[in-house]
Each structure stands twice: as structure tokens, then as C-alpha cells.
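Here is a short report for a first look at a structure. Please look over the sequence and the 3D view before reading on.

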Number of protein chains: 2
Amino acid sequence: MWKPDRQSKQPLYEQIADHLERRISYGEFPPGSLLPSERKLAEQLGVNRSTVILAFAELRSMGIVESRTGSGTRVSMTKWGATPKHTPNWSRYAEGGSFLPNVPFMRKIREALAQNPGLVDFASGELSADLAPIEEITALMSRHRYTSYLGYDNPQGYSPLRQALVAYLQQYRGIQATESSILITSGSQQSLYLVTQCLLSPGDAVAIEDPSYCYSLPMFQSAGLRLFRLPVDRHGARPEDIRSLYKKHRIKMVFMNPNFQNPTGTVLDMERRRQLLDVASELGLPIVEDDPFSLTAYDGAPPSPLKAMDAVGSVLYIGSLSKIAASGLRIGWMVAPHSIVERLADARQQMDFGLSVIPQQVAAQFLKSPDFQPHLDRLRMQLQFKRDLVIEALRKELPGLVRFTIPQGGLHLWCKLEPEVHDGKLLEGAIRRGVVFVPGSVYGSDSGFVRFTFARAPADRIGEGIAKFAEALRELTGESSVRNSTE
Amino acid sequence: MWKPDRQSKQPLYEQIADHLERRISYGEFPPGSLLPSERKLAEQLGVNRSTVILAFAELRSMGIVESRTGSGTRVSMTKWGATPKHTPNWSRYAEGGSFLPNVPFMRKIREALAQNPGLVDFASGELSADLAPIEEITALMSRHRYTSYLGYDNPQGYSPLRQALVAYLQQYRGIQATESSILITSGSQQSLYLVTQCLLSPGDAVAIEDPSYCYSLPMFQSAGLRLFRLPVDRHGARPEDIRSLYKKHRIKMVFMNPNFQNPTGTVLDMERRRQLLDVASELGLPIVEDDPFSLTAYDGAPPSPLKAMDAVGSVLYIGSLSKIAASGLRIGWMVAPHSIVERLADARQQMDFGLSVIPQQVAAQFLKSPDFQPHLDRLRMQLQFKRDLVIEALRKELPGLVRFTIPQGGLHLWCKLEPEVHDGKLLEGAIRRGVVFVPGSVYGSDSGFVRFTFARAPADRIGEGIAKFAEALRELTGESSVRNSTE
């Protein structure tokens, strides 16, 4: 991102005016389009708002932009768009399209993180750099000679990676698979996208857990699916609920995350697993099992996936390296019947022509390397340590005001807030104080829940982050003044 | 892909039966599903059909499969699906979904190449390994220390790559862009997919060139777009056709590949470019410019992109490294107004959570490296050499029977066949003889056209490939016997 040069002799406002003029003349902001607000630009560029006001005045004097009170600053039509020429109405195009934009809270969180990288990040569902096997992967990359061919890949994915996964799935997940029953994807997100786009049609009913990560994904709505809720209690979803949803709505698929569920951290009870598979086979109903977290089990004994018990073949299994190694590799996989793998591979070719060979090679080598198991051991110990830091901080900062079940694996802590507060206001207050989390409503739950991801933030900032969150919460509940006055 | 072990003491048919039993028991072929045909399996495994027949008989005797004359071999329901349990009707799921499967010819070609890697490949639109900068990229990867962070990337793509592209676009394409007006994609395919999914709605009318690569992409139909044709003559598409399509059908977007058009190799005439941009700005109509081939210009003077002349901001520009470096990197880009970049980046996050950081780092370093320009120089000389080999072979093997305009850049030769032949039969005959090409009808043209990609096949097999193609053509036109008898 461009920033003004504070060493330069040219005044800041002039530098900013020049920069904006350049962006306008290159077409980034077409005639008639709205420029970012003064406040937003000031934040982005790290200058006072008054400097941006001066820059806008400069551009106005040159006839490049026009400001009208209350409606912001727009690129002038007359200067750049000599009538009768006009640019396409880009903003209308951007609002069109069948694919829905991200949920507003998620956009807000992403924007906040982009504008202020110093925020304590309890929102991003990923590992911090020190938890990822960066050293191991860097060493692999400098040690191995890479492919002699960098062409389009097999539509199902790089064959040696699929072979490595056959061994991995057997050893670590108790799943029997063959190379031809595996599809490499760029992660669980792409796996779910392919399933919703290719195996389901608009109007189809599907069941998803409540709360669930899936609610944060507009892809379900974009595909025109009707979503029905499977409430998750301490033992996971209830099999009988699936039967009744099937009777009522003819659901065509069930989406589940049985191990260390996102966001609740729940592990589906063993007896329920058996019943669930029975119900599925009785109804001929496919279960899509998302299993990204199992190998983070803090006690080193990951719960089995549903797929390992699936004698009938009801389960489409989804896994990934994002939560157990590095999300930036963008490597995930599906295990599915051959007809499904072929269908999804064909569609993916249409969408993006498949994945880069390079990260697939890296992933294959990492899975087979002697570093893999020690990395997992280190990861689960560090995650447990960070989980404990969050819990300790919450107990210190908000005694009696939050409730949670202590998760035994995964990256998240799911909290019920005792005081009744407004989701959006709490998020805003937290961002203002320098901390970000995901409001529970993003996962379809009622207001008053919060997901804290403890994997992403550095260990030495977790306490500070929770303290800031507590301040934001207390401000909303009016407790802040009380506490301050008694201190 | 598994193959039977010819050194083993276990008979081949038993090995194959064991292998199939394993795949069936793992769920790759659920109860009731159809196994691949005897012929297809024999091809895949490199054995005689009789060996597969024996393997199937073995499985039948174990009650694992059932064969019925004329309807192939299916996995037995009784053995694996103890009633009343049943697996989901996976084949019906595979046939569902709103996303359309690939066009049959393209699937046939892909299958043929997968089954017989020894085919002379005039179909795959990519560079052969010796044309790609494998050495350079391998050297870069072992020299540079990679990122200290492998987390989720910025939704618009890796910032240093966008910076490198700002310089690249200015130096090589005469395009002024800013980092924030660039979206990194996995290639032109993903760029087009995002545009069709996010900026257009079902029922919208769009114009595409005729013939055009776009016809080979079911994504246009999957998005529910109405396609209208812009005929391409020796000088490219005609601007007045756009105006009349707009009047008749209110087209909302125009898709073009002005430089070394795929498949025709045409370069859009300069006067037409001016008129085209005038028409676009008069109508406020966006033009999506796909520009993958320009830097292959054999004379070293690549034609300018439309975007470089686009003073009004009508053009969405799409580029990629696939045709000028390596398709396996999966790196492409778009230059667009800010609102469009934001919209597409947001949607892409939903679909696949963005690209792997690793190939983006490699691409950024390669674009900035002193190896880049020498690579391009070498590439265009080698492409020209291969183009000449194809032309020479066609003139030798099919004198007077094919017509073409000699392309001055790109990877393809577009041929009109003089004899009238059936597209599908010609492709089948060619595959049988060991060569594969893309029938013109895939690009929306009438029967009797062929696209030969000369970049992919090794130079020393081009003559042989064309000779085989000529045989297949002569067989269909009945000339084969004539010629043979006179030899």
C-alpha cells in the first residue's frame, strides 16, 4: 500500500493529491465513482484527516473531483468523461451477479485487520506464524529439486500428493482410500463450494449444525439452498433431528464438523455417531464431514472421523492442512466415490483450471517427512498453552460474566456472555480498543455469543487482548464507570 | 495410477480383482454403481481385455459384482448393501447441481491424454516443459528464503506480486495500474469465472467472438448467460456488430481476445480498436480483454492491449503467466476499477479462500528477475520454430487440403479442412492413430475446422503427429486407399 513520504520536501497533502490523481487517471476510480471517505483515507495513509481535506481541496481546484455535502467526494464527470463518452456503470455491475457478498461482520473484521495490523486478532481462524511449520517447509523447499514440468496438473490433483494422502489417511485418520478416490482442493472452503455448486440445485434443502461455520459462508445462500438447523448440544448434533428434518423437508445432504466443532469445540458423542450413520444409511442421505481440527487434539489422541466408521459409504470426507500446518499452502482434500470425484474435478477445471503444482509438491513432501509428527506434537502443546492463556485471562478479566466449555482440541473458544449486549456495538467497541473477535451471530446463534480464536494471536498478547475485550464489554453494560470508580 | 505388477508371482487377473475389491470396499464404487468397462480398464491398466474379463469373473464368483449383458458390471447390492441400509444415490447427485459438466469433446480429449500419455498432443493449450522457465524457477526457489508467514493472504493477492505487476504492466503492456487496482487470480479461467459469477446475472446477454475460446467454457452457460456472436474475420471482430448486438439484445458485456486470438491467431486491426473503444464508451459497455498471448509475438514487438488505449475506463484487463511462462504456476491477474476488484476479491474468498502464497512469491521474483526478458526472447523463437514445423508438415502431408493464415504469435494454428468430414469421427480416428487436436466446433465454429496447438508437443514429434492426423483425415475421405495404391 502506498504511503506518503514524510522525508520528502513536497507537502503531504500534495503527495496525496498526486497519488489520488494517478489512481483516478489509471481508471481505478472511474468518472462519477465515489472516493474513499476522508476518515478512511486518513486511516489508510496514516495522516491527519485535515491533510486529506487539503488534498481533496487541491483535486477540487483542478476540476478532478467534486464534493457535495453529505454525499462524499466523487470523480468529476466533466473532466474525465468528455460527453458523450462514459465509462460503464461499474458500481451497478459490482452490485449485480448471482454470487452474494460476504456477511457484513466478516467484511468489517477483515477491513479492520487490513487497516490496523496491530489489532489483537481473535477472529482469523488460523495458526500464528510460530505454530506453522515454516522452518520445516523452508528447509524442504531448498532441499528438494522441484518438478521438471510445470504444466496443467491432473484434474484430481498432483498424483504423488494423492499417494501421500492415502498413507496419511490410513495412519492418522483410520480411513481407507485409494488415489483415485481423492480430490485435492485448495482447502475445505473449495471442497464445500464444489459440493454446493455441483451436487445440489437451487431449492434443495440441507441440514447444517447450529451454530455452525457454514452460516458464515454466503456460498450456501448463493447456491440457493434452503438451510435447516441441527442444534448442537454438549454431545454434538442429535441423529433423531436429522430424521425429522428429512421427513419434513426432504433434506438432501447433511453438513457436519463432528470433531472439535467450529465454533463450539464439541466432539460428537460415539453413540450418536452410530445412530447418525444408521439414520443416514436408512434414508440414503449423504453426510459431508468436515474434519480440519482432529489432529490438534491436545491429549494426542485425535477422535476418529465418521468416515472411518462409514461401512455403507454415506460420508463425503473433507480434510485440509490449513489448521494443522499452514493455511497459506492452500491444500485440502476430499475422499468420495469415484463418480463424485470425477464430477467435482471436472467442474473445478472450469472454475480455475486446478491448483498450482508447487504447493502440492511441498505438501506431499511435508506429509511424508520425519518432521510431520514432531510438528503435530509441538502444535497441540502450543495450542493447549494458548487455550489456557485465554481461559486464564477471561477468568481474571470477566469473572462470572462469561461461560464456556473448555475445548479439548481445535483453535476456538466459544463463549456465552452473561450480560446482554448488542453484537455489533460490542465488535465496534472492541475494534476501537484494538482487539477483534467473531460475534456468535455470524454462526447463526443468538446474540450474546462470541468466538475467540486463540491460535492466531501471539501468546504474549492474549492477556492484553482479553483485557481490551473486557473493557469494550464493560463499557456497553455500564459497568465500566462502576469499576473505575471503585479502583 | 495403480498398475498390476508384472514381476509378481500372483497372476495379473488376481491382482486386478484384489485391486478392484479394495476400491469397492473403500467406497470408491458404492453398491449398485457401475464399474468402468472391460475395454476401458484394460486400457488404463495396460493389460489385455481377456485379463480384465477374468478379474471380473473372479469378483462375480465372490458375489462382489454382478454383470448383465449389455449393461456392464455393477457392484453387488446384496453383498455390500445389507438391506435396508443403502448408500446415497451418488450418481444422481453427480448428475445434479447447477454447474454444467465440461463439453464432451474436451472430456474425450482429456481422457485420451490421461490413458495414453504417448499421444502427440496438439490439443492442450500450454507450453512444453522445454519452453517453460523450469531451470530459472528452480534456481529462484532454492536461492530465496521464503516467507516467514504462511497464513491466509490478502484477498486481492500477495502484495509484492501486485507491486511487481505494476512495473510489468507498465514496461511490457503500456498499462498504468496501481497495486490496489490489481487482483491476483489463478489464471484467465478464474478471472473469467469471477466476472461471469459476480458481475452478471442469469439471463444477461453478452457478446463473445466467433470462433472463441469462450465457447469451450461451460461456465458461460452455467451462469445462465445468453451468448451472442461477434464474427472474427482476418482483422478481428467488427465494432459495428457490437452496436447492433447492443440495440437488439442489450448486451451487458463484451469478451474479447484482441491479440493472437484463440483459436484464430488474429490480431485486432488498429482502426477497429479505436472504433471499438468509441462504441464501448458511447454505450457505457464494459469490454473484458483477455490478453494471454501478446508477449509471444514472434517478431519481438507485441501488439498493444486495448487497455493501453482505454482513456475512458471501459476495459477490464485479464493477463496471466500460463502461456508465457508456466501454466502450473497458476498465476494470473486482472486490472479493474477498485469497486470491481473488491467485489471479485470478496467472492473469491468465499469460493476458495485465495491462492497459495508460494507460487505468488515465485511469480513475483521471476517477473523481477534478470532471467525474465531472456526467457521471453527464447520462448518466441522456439514457438516460431515449432509453428514452422507444423506448417511444413501440413504442406507435406496434406497439400491443398488445409487452409490457414500463418499466425505471428500465440500457441495455435487454426485450419480449415478442405474435405468435408465429421468432427467427432476425425477426432476418434486421430486418437486411435496416436494424435489429438481440438475440433473447431468446440470454439463454436462450423464443422471442418481444427485447432492445432504447436506449443505443447515436442518439436521432434510434430512431423509424426501431423502425419498421423493426415492418415486419419484420409481414411475418412476415402483417399487413403487411393494414395496407398499409387505409392
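Contact here means heavy atoms within 4.5 Å. Helices (H or I, at least four residues) and strands (E, at least two) are DSSP runs, numbered from the N terminus.

This is a predicted model, in which local features need pLDDT of at least 70, side-chain atom pairs count only at pLDDT 80 or more, and totals for chains, interfaces and linings use all residues. Residues are numbered from 1 along each chain as its sequence is written, chains are lettered from A and ligands numbered from 1 in the order in which they are written, and side-chain values use heavy atoms, with hydrogens and water left out.

**Confidence and domains**

pLDDT is the predictor's confidence in each residue, from 0 to 100. Chain A has a mean pLDDT of 90. In chain A, 96% of the residues reach 70 or more. Residues 480-487 of chain A stay under 50. For that stretch the model has four contacts beyond four places in sequence.

Domain bounds come from an automatic or database domain assignment. Chain A is divided into domain 1 (12-95), domain 2 (104-130 + 374-477) and domain 3 (148-370). The C-alpha centres of domains 1 and 3 of chain A lie 45 Å apart.

**Two copies**

**Helix H16 of chain B**

Buried means under 20% relative accessible area, exposed over 50%, partly exposed in between (1.4 Å probe, protein chains only). H16(B) spans residues 423-433. Its buried residues include Leu426(B), Leu427(B) and Ile431(B). Among the elements that cover the buried residues of H16(B) are helix H6 (104-115), strand S13 (412-417) and helix H17 (462-477) of chain B. Just after H16(B), Gly434(B) takes a positive phi of about 105 degrees.

**Cysteines**

A disulfide is a pair of cysteine sulfur atoms within 2.5 Å. The count over all chains is zero.

| Cysteine | Closest cysteine sulfur | Distance | Relative accessible area |
|---|---|---|---|
| Cys198(B) | Cys198(A) | 16 Å | 0% |
| Cys214(B) | Cys198(B) | 17 Å | 9% |

The sulfur of Cys198(B) is too far from that of Cys198(A) for a bond.
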